[in-house]
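Dear colleague,

I am handing over the structure below, together with a short account of what I found when I went through it. Please read the notes with the structure open beside them.

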Amino acid sequence: MSTSTEKEMWVSKLRKGWQKNLPIEKLLPDTQPAYVASWIYLFGVATLASLGMIIATGLWLSFEGAQWYHTSNVGHFANSMHFWSVQFFFVFMVVHLWGKFWMAAWRGRRMLTWITGAFAFVGSIATAFTGYLVQSNFDSQWISYEAKDGFNSVGIGSRFTVTNFGQMLLLHVAFLPVIIGLITLVHVLLVRAKGVVPPIDAFNKELGERK
Amino acid sequence: MSDRRAELEAAHWGGRTRRYDLIKEGVVAVVIIAILVGALATLFGSPDEKQVTFKEWAVAAPADFYATSVQELAGSSGTAGYGAPYNKASDGINLGPLYLAKLLGVTHPVDTVNDFVITPLTTVSNAAPVADALKTWQASDAKSKATWATNYDNALTKVNQDQAKVPAGNYGPVPELAAGLLTMAQAGSLDGALLSQGNYFQTDNTKQTLFLGDGTYFNDKSTASNLQGSTWGMMNETGRYPGQAWLWLYSFWYQIPPFNNGDSHPFGANADAWIMVIMGVLSFSLILMPMIPIVNRLPYKIKIHRLVWKNYYQEENL
């Protein structure tokens, strides 16, 4: 039995809000609206699967150390898996993003879903960039040398030092993945809570409008 | 758009549905991606062109390394004249009246004379001429040091970096110091000394990278690998591998006027800052795209969505 005092608790507010907006039936559905039947819908899950591969191979690399992949065939293979996962991730995410744009997927109070998705895209570019900086090979030497001018030119370089291998490595394996992971989680939960946006003309009949 | 339409679009879908296994879809996607990634990793590997070391530079292009060392002593190198965040030698790049780097100050101090030449030389046992030159340098006043280094830098430039053709002059210990640093680099002991700067733990490669970039060897190598900004290098990778293709728009601005002309003011000369601003604005525009008039109506005008929902429209006779 709950009392009026308990109703004021933050935890009960959170529980009620969660149950109202994202019940388990929405979180783990076993049906989809009939209009969700196009190859374009596969790019969202493909992006998530690629992100999973990036994290798994990234963890593999991080357990062995930053220089491992230069000296071990297994390490080079792990690095190659990480490299190609990133390439797939961006291809899938860009197609997903374009698809959502042409579907005007922000309709029906789904603005925050679009914003978190676009934010994840921009954040992923920053995360991938730090990855290219910590390859510890000629490419990363050159990228850090060139990129410093861009960041320095607007003052960001005063704190974000692309030539500082230690700082870039820590940001790449700790801070940025956590941010991307959280944004992605919020994005996916929003998709589940709000549902997949219906076709643009789906309610023309109800509204007495022509297509 | 009417509020009623927004309400309908936001409401739980009450129309036809179909069976959907979220978990199965996710597992199948992970398995397929893992197979694809594993296949590409096995077939093509990944880029890993060996890093440039100071030993490589000093052995492959000793004249360039020697001349760059002299420039570091004379204060005429790119790093010595860079400005914030490394030093106060110049105002740096500006956005109109805003000199943002200068405003935020020197947060990563780099003294090319001591950090790049003198301190590394003090970490090893030097032969007599170099040891004597080091003592002379350290015992001299700033004015003498500047005169010697500038005289020798100018003389070396006049003879196109050919050390043997430099005429006699008032150079103090500068030639011996540069020769000592060249010997140290060729022996492979400069890389560690530049990084550690006399310490044990160190993970900041800024000083090494800046010194490397002051010479022409590093730049020439990047040109050969198509990595220069003027040739879309930002999105290229060494070898025949895809690079950061998602940076195409960032790289694009460097290819067009006025940003591709470093001599044009105010935009070309300050291209790095202006392009950073442009990309910042475009990134925010992407995030806030649904709120941008005209752009947010494009999906309604260009009906690509009818391809996405082709079956639904046919079935519903829409």
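This is a predicted model, and I begin with a helix pair in chain B, in which B:P129, B:V130, B:A133, B:L134 and B:W137 of α7(B) meet B:E176, B:L177, B:A179 and B:G180 of α9(B). By class, the residues of this contact comprise seven nonpolar, one polar and one charged. Helix α7 spans residues 128-139 and helix α9 residues 174-187 of chain B, and they pack at an angle of about 125 degrees with their axes 8 Å apart.

As for the domains, the assignment divides chain B into domain 1 (3-45 + 289-316), domain 2 (54-223) and domain 3 (225-287). The C-alpha centres of domain 2 and domain 3 of chain B lie 29 Å apart, and seven residues of domain 2 are in contact with nine residues of domain 3. On the domain 2 side of that contact there are two nonpolar, four polar and one charged residues.

Finally, I looked at B:G268, which sits in the loop between α13 (248-253) and α14 (271-287) of chain B. B:G268 is partly exposed, because 15 other C-beta atoms lie within 10 Å. Apart from its neighbours within four places in sequence, B:G268 is in contact with B:P258, B:F259, B:N261, B:G262 and B:D263, whereas B:F65, 203 residues from B:G268 in sequence, is 30 Å from it in space, C-alpha to C-alpha.

Technical notes:
Residues are numbered from 1 along each chain as its sequence is written. Chains are lettered from A and ligands numbered from 1 in the order in which they are written. This is a predicted model: local features need pLDDT of at least 70, side-chain atom pairs count only at pLDDT 80 or more; totals for chains, interfaces and linings use all residues. Domain bounds come from an automatic or database domain assignment. Two residues are in contact if their C-beta atoms, placed from the backbone, lie within 7 Å. Ala, Val, Leu, Ile, Met, Phe, Trp, Tyr, Cys and Pro count as nonpolar, Asp, Glu, Lys and Arg as charged, and the others, Gly among them, as polar. Helices (H or I, at least four residues) and strands (E, at least two) are DSSP runs, numbered from the N terminus. A residue is buried if 20 or more other C-beta atoms lie within 10 Å of its own, exposed if 12 or fewer, and partly exposed in between; C-beta atoms are placed from the backbone. Axes are lines fitted to C-alpha atoms, for helices over the stretch in contact, and angles run from 0 to 180 degrees between N-to-C directions.
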